[in-house]
Amino acid sequence: MTEDGAGGAGVAAAEVDREPQPSDSLRTFGAVVQALRENAGISREEFGWLVRYSKHTVAAVEYGRRMPDPSFVERAEEVLGNTGALRRSARFLTRGEAGLAAWFRQWARLEREAVSLCTYECRLVPGLLQTEGYARALFEDRLPVLTDEQLEAQVAARLGRQRLLRERVTVPFSFIVEEAVFRRRLGGSGVLREQLVSVLAFARARNITLQVVPLDVEHHSCVDGPVQLVETREGRRLAYCEGQENGRLITEVKEVGILQQRYDTLRSQALNPTESQGLLERILGEL
């Protein structure tokens with residue numbers, strides 16, 4: 001139950017202009033509006049009357065679920081003291097990043113600024129390496145079923161991230177992927193064939209290292225699941241682990257160190273880059 005106890009038809013009406021992916025800036029702006037309103041001793045319903053918007057719209061703005069109209073900002077500014085804080089902060093409002101899950105956005109920003117990035121994947125081809133056909137096959141199988149608009153947004157976001165590999169040619173990218181991932185025919189043999197050709201092309205870049213963990217490996221340091229590791233410009237090391245409908249950014253130094261140690265050990269257990277490319281070429285020849 002929300003603060004205003006909204007339910008039924010009131011909620012449905014408020015959802016019409018709801019942001020599909022609320023951004024951090026929208027949530028922050030909304031929190032400031034709510035704090036100023038409460039500090040002034042004004043109820044949400046009364047505030048809505050003063051700014052000439054429904055209390056449901058006020059709630060949507062305060063919770064970061066709606067981009068405030070310019071008129072809302074102006075009237076709220078006047079009602080809450082005319083300090084200029086809301087006008088100034090409204091200039092920096094941005095909508096959520098379409099196609100990126102809320103829990104992934106912070107990692108996506110770190111990814112764009114990294115000085116090195118390491119990825120271990122045992123479920124599917126890493127997002128940065130996926131072809132459009134492969135990504136589309138994944139999102140077409142998503143449950144609950146996506147609308148056409150959602151599917152296209154997901155595919156566009158996935159492909160947009162790949163600019164990192166093409167534009168940041170001095171940043172080292174390391175990928176370790178299970179052989180089973182490259183044998184799973186998601187989307188059919190044609191999609192997998194195109195995906196393998198694309199991965200092999202990426203693997204030839206001087207700043208990209210691709211290693212495959214063969215099916216018959218006898219030792220494996222990352223059996224607990226996928227992991228990504230990043231080094232920032234400030235020299236910090238962070239990690240990210242993702243599961244079903246959630247993801248976790250790991251900042252604690254000791255925990256990141258353990259994950260880095262596991263990744264470094266897996267590098268010695270996987271095939272070297274040359275052997276890995278040879279294996280992918282053999283799998284491609286079998287299709």
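This is a predicted model: local features need pLDDT of at least 70, side-chain atom pairs count only at pLDDT 80 or more; totals for chains, interfaces and linings use all residues.
**Entry 1: the hairpin of β5 and β6**

I stayed with these two strands for a while. β5 and β6 pair in the antiparallel sense, and I found 5 bridges between them. Together they make a hairpin, with 2 residues between the strands. I looked at the turn as well: Glu245 sits there with a positive phi of about 60°.

**Entry 2**

Next I stepped back along the chain. Strand β4 covers residues 227-231 and strand β5 covers residues 237-243. The two run antiparallel and are joined by 4 bridges.

How many strands form the open sheet? I get 6, in the order β3-β2-β1-β4-β5-β6, and the pairing is mixed. I then looked for the edge strands: they are β3 (208-213) and β6 (246-250), each of which pairs on one side only. Neighbouring strands of the sheet are turned against each other by 10° on average, with direction ignored. A note for reading any such sheet: in a regular strand, side chains alternate between the two faces.

**Entry 2: two helices**

I moved on to helix α12 (residues 189-203) and helix α14 (residues 273-286). Their axes come within 10 Å and cross at roughly 160°. Angles over 145 degrees count as roughly antiparallel, so α12 and α14 are roughly antiparallel to each other. I also noted that their crossing is left-handed.

Which residues in α12 meet α14? I listed Arg193, Leu196, Val197, Val199, Leu200 and Ala203. On the α14 side, they meet Gln277, Leu280, Glu281, Ile283 and Leu284. Sorting the residues of this contact by type, I have 8 nonpolar, 1 polar and 2 charged.

Key
Residues are numbered from 1 along each chain as its sequence is written. Side-chain values use heavy atoms; hydrogens and water are left out. Axes are lines fitted to C-alpha atoms, for helices over the stretch in contact, and angles run from 0 to 180 degrees between N-to-C directions. Angles under 35 degrees count as roughly parallel, over 145 as roughly antiparallel, 65 to 115 as roughly perpendicular and the rest as oblique. A crossing is left-handed if the near helix is turned anticlockwise from the far one by less than a right angle, and right-handed if clockwise. Contact means heavy atoms within 4.5 Å. Ala, Val, Leu, Ile, Met, Phe, Trp, Tyr, Cys and Pro count as nonpolar, Asp, Glu, Lys and Arg as charged, and the others, Gly among them, as polar. Two strands pair if DSSP finds at least two bridges between them.
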